[in-house]
Amino acid sequence: MKRRDFIQLAGMGASAAVLAGIPSFGKAIPPERALETIDVAQKKQMADVVLNAARSKGATYTDVRIGRYLNQFIITREDKVENIVNTESYGMGIRVIANGSWGFAATDKLDKDSIAKAAELAVAIAKENSRLLTEPVQLIQQKGYGEVSWKAPIEKNSFEVPIKEKVDLLLGVNDAAIKGGANYINSFLFMVNEQKYFASTDGSYIDQDIHRIWPTFFITKIDATTGKFETRNALSAPMGMGYEYLSARPQDKIKGPTTLYKGRYDMIEDARLGAAQAGEKLKAKSVEAGKYDLILDPSHLWLTIHESVGHPTELDRVLGYEANFAGTSFLTLDKWQSKNFNFGSKMVNLFADKQQVGSLGAVGYDDEGVQCGRWDLVKDGILVNYQAIRDQAHIIGLNASQGCCYADSWSSVQFQRMPNVSLQAGKEKKSIDDLIKNVEKGIYIIGDGSFSIDQQRYNFQFGGQLYYEIKDGKIAGMLKDVAYQANTKEFWNSCVGIADESDFRLGGSFFDGKGQPMQSSAVSHGSSTAHFKGVNVINTSRNIG
Amino acid sequence: MAILTKDEAQALLKKVLSYSKADECEVNISGNDSGNIRYARNAVSTSGNVSQTTLVVSSAYGKKLGTATINEFDDASLEKVVRRAEELAQLAPENPEFVSFLGPQKYAEAITYIPATAAITPKQRTDAVAQSLQVSKDNKQVAAGFLEDNRGFSAMMNSKGLFAYNTSTNVNFSVTVRSADGTGSGYATRGYNDITKLDTKAATEIATQKSMKSVAAKAIEPGKYTVILEPAAAAVLLERILFDLDARQADEGRSSFSKAGGQTRLGEKLMDERVTIYSDPLNPELPSSTWTGDGRPQEKTIWIEKGVVKNFTYSRYWAEKKKVKAIPGPDSFIMEGGTKSLQDLIAGTKKGILVTRLWYIRDVDPQTLLLTGLTRDGTFYIENGKIQYPIKNFRFNESPIIMLNNLEELGKVERTVSVESNNNYLIPPLKIRDFTFTSLSDAI
């Protein structure tokens, strides 16, 4: 689902007709249907029909993805349940190489004749595309794994939790916010289960079961006399977890100006605190523009990592495949080849990890049958690697793909997508308080807000949810109207402190958009709280009429 | 499933309704064949076809609503989907905001379907891309682009006697041309209902010229400048005003159209008096559907007239509560313009900046509709009526409402595509004073 679709869903109380107009949701189903699974033997049989049909029409490589995508959304506001939606999308995507070109076709008719015809269509499209071919596809070798499977290590399948329990939770969250002084609250529970089967002519038959969950809310507080309003969004993270994410224990909480959450989330507590903070924001001091040291919480920093590190290290952007939409990258191949491009300060280590436990991007194998792992992108501040898939690996001298291939649906063609990209925790023992103690004039930013970055990922601007002024090593009160602007390289070179591993937390996005037609992918970014020196802060307050 | 004729759709929907036992039942069906071709590095990278037809049944018992969907159309499947919607309705919590379905309505005949677009073949798509690539290759430039076409139908019927039907086609094309060394970049985008109007060669020539002329951009100081926004750049800012016209958000005190004391800005003059924005589903240059998914007629509606906010958009629930007409949000909009060409606007500018495209637009402050984003793919400095040289890209922080108070001139209206929403609009190039650029970007 695209981010805009979600906003539409969240903002409109989503009528049936609206949902029907959003194809990525798939079909509406009764909730219990989500607990049914499809027999692996049946999927293998279908895959073999396609592999044989494509080969007989002249394909030199074929892969098949049989995908069943289940979503459940629960949408409430104040004391009302606005909508409960259960959807399923089930079908098959077929990708082939013929005459050196890629071809793709997809179908939701899964009888033997229909899938064989779709395979033929994929081959015909590849042959048509080869008319304008300049470089034949070079697919790096990949061994077949035979029949294997992978399951996300969840404790409690969200789809097995009764809907009433989920509705009661959200209404409890809303009640806490309204009692805490909020004028409005919209709250959501969003649950995903991807049941994916992959087979290829390399001899892999891979069955995977992936779960994601995202509880979130938006609080609004209005000052009726001035007509001003402030908002405070949830500090939750979307996670690659089951319903256990919603049972926070004392050890999952970090106390400070607000409670921060590590691995588990207390939604009711966050709503109560959020309502009070939205009121506090209305009276907060408007920031004076200028240079500040920034202490960035992981609930905020994940998005800066995503935009300024995750995207520019995508090899397809570097090579120009995304030039017409998402853009290219300032991290050109010559910078990587030089082995001395200072992406950040010496303490900055950024890594890709497709196996990170609890992350949105964790899978056993990617969508072209490559087993996933971990690798460095920036080591001791120097750019050392990119994110590649099978038809790009040879360009950066790799002898295997890094397993970054993903499609958001059976009906979408897979392509290079961002793995989880994280900032390594500081090696020295250091807490959030230790970082704040070292700041003379600064701002402590919690939660993600407004975000925007250029098409080559140099210039960015970010806002947050909560801003606290730091004066002489101490928190001095709340600020508002804050956004910071920086250049990626200057920003990461201004990193002077990172808290240790005990503070390491994941943030992430359900809706990273890329490609034409646009596809969404879910990805996590971890970090500990970090200190950046002398960053340009602007004041965003304006007046109309 | 092929595109159903009006008679076929009517017969199918009647059959579905005949299975209903609920207090009320409404059925929507839509089918779409979509084709696309994508290219980059001067070669085709992907292309595909997706064909989908979906039938949605909404059944209501009192204020309890259930919805079920299906893509199989035999009698047994149709009956099954109605039963499922009814089961879900009986299980659902009561929705106090449920509004009974609409009765029969009158709709104008839409003019959104062009047979030539519906008949496009994969070869035509490849040929259109080949023409684009020829231009970039002849000029030693590198092109990346995307062409996507759709043909589809939609119909709805309910137990209160409402029936609506429409067919439509459209094609969107965009191309980014860059110099081989990445030091120049240019962009063009086009959208039509009628594919015979699409000239990928001409659009690529514009993008190529911009790419070649944008090499060796100079840095100038950020600050407030007079800008000329080409329609593709203006589109991504103007559409945010239309997206923000929801009456409930304004009444609840949480939009840029809210004000102190629980009041709204409806009826207030908020922008320059030359600003008039309306929607008209029957405009021949920008036709759109004459009804919405909940059966309301889409009629010509003035949103901003001579700078005054004339209408908000309403859900049926909120309109009933406020006892006003439930005007739906538009599918597209038209901003009135003048007679001057883009060249005329440039010729009349003493000092200013020409902006081809704006990118990565995000809200900064919903209270003032403050947005941020960047210029991209061709930004040029104008002095004494002429483009003097290319300049480096800027980040802006600007509210489109404030911007329309600083209007200098409007050019001639043309159809363009929003790179953010993919929606098509009729928009003039806009000359704006004091547009706020807050920092420089090294991006090309």
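**Two helices in contact**

Guide: Helix 5 of chain A passes helix 6 of chain A in a right-handed crossing. This is a predicted model, in which local features need pLDDT of at least 70, side-chain atom pairs count only at pLDDT 80 or more, and totals for chains, interfaces and linings use all residues. Residues are numbered from 1 along each chain as its sequence is written, chains are lettered from A and ligands numbered from 1 in the order in which they are written, and side-chain values use heavy atoms, leaving out hydrogens and water.

Visitor: At what angle do the axes of helix 5 and helix 6 of chain A cross?

Guide: Helix 5 (residues 163–179) and helix 6 (residues 267–283) of chain A have axes that cross at roughly 25° and come within 7 Å. Therefore helix 5 of chain A is roughly parallel to helix 6 of chain A; the label covers angles under 35 degrees, while over 145 is roughly antiparallel, 65 to 115 roughly perpendicular and the rest oblique. Angles run from 0 to 180 degrees between N-to-C directions, with axes fitted to C-alpha atoms, for helices over the stretch in contact. Helices (H or I, at least four residues) and strands (E, at least two) are DSSP runs, numbered from the N terminus.

Visitor: Which residues meet where helix 5 and helix 6 of chain A touch?

Guide: From helix 5 of chain A come Leu169(A), Leu170(A), Gly172(A), Val173(A), Ala176(A) and Ala177(A), and they meet Met267(A), Ile268(A), Ala271(A), Arg272(A) and Ala275(A) of helix 6 of chain A. Contact means heavy atoms within 4.5 Å. By class, this contact has 9 nonpolar, 1 polar and 1 charged residues. Ala, Val, Leu, Ile, Met, Phe, Trp, Tyr, Cys and Pro count as nonpolar, Asp, Glu, Lys and Arg as charged, and the others, Gly among them, as polar.

**A sheet in chain B**

Visitor: How do you know that strand 4 and strand 5 of chain B pair?

Guide: Two strands pair if DSSP finds at least two bridges between them. Strand 4 (residues 141–158) and strand 5 (residues 163–179) of chain B have 17 bridges in the antiparallel sense, and Val142(B) has Arg178(B) as its bridge partner in strand 5 of chain B. The pair belongs to an open sheet of 6 strands, in the order 3-2-1-4-5-6 (chain B).

Visitor: What makes strand 3 and strand 6 of chain B edge strands?

Guide: Strand 3 (64–70) and strand 6 (185–192) of chain B each pair on one side only. Across this sheet, the twist averages 15° from one strand to the next.

Visitor: How many bridges join strand 2 of chain B to strand 3 of chain B?

Guide: Strand 2 and strand 3 of chain B share 7 bridges, with Ala60(B) opposite Leu65(B). These strands form a hairpin with 2 residues between them, and Gly62(B) in the turn has a positive phi of about 60°. Strand 1 and strand 2 of chain B are joined by 17 bridges, and Arg41(B) in their hairpin takes a positive phi near 50°. Most residues other than glycine have a negative phi.

Visitor: Which strands of chain B does helix 2 lie across?

Guide: Helix 2 (residues 75–91) of chain B lies across strand 2 and strand 3, at about 150° to strand 3 of chain B. Helix 1 (residues 6–18) of chain B lies across strand 1, strand 2, strand 4 and strand 5, at about 55° to strand 4 of chain B.

**Back to chain A**

Visitor: What makes the meeting of Glu88(A) and Arg68(A) a salt bridge?

Guide: A salt bridge needs a side-chain nitrogen of Lys or Arg within 4 Å of a carboxyl oxygen of Asp or Glu. Glu88(A) and Arg68(A) meet at 2.7 Å, N to O. Glu88(A) is in strand 3 (residues 80–98) and Arg68(A) in strand 2 (residues 61–77) of chain A, 20 residues apart. Over all chains, the structure holds 61 salt bridges.

Visitor: Where is the cis peptide bond that involves Pro517(A)?

Guide: The bond joins Gln516(A) to Pro517(A), with omega about -5°. Pro517(A) lies in the loop between strand 24 (505–514) and strand 25 (519–527) of chain A.

Conventions. A crossing is left-handed if the near helix is turned anticlockwise from the far one by less than a right angle, and right-handed if clockwise.
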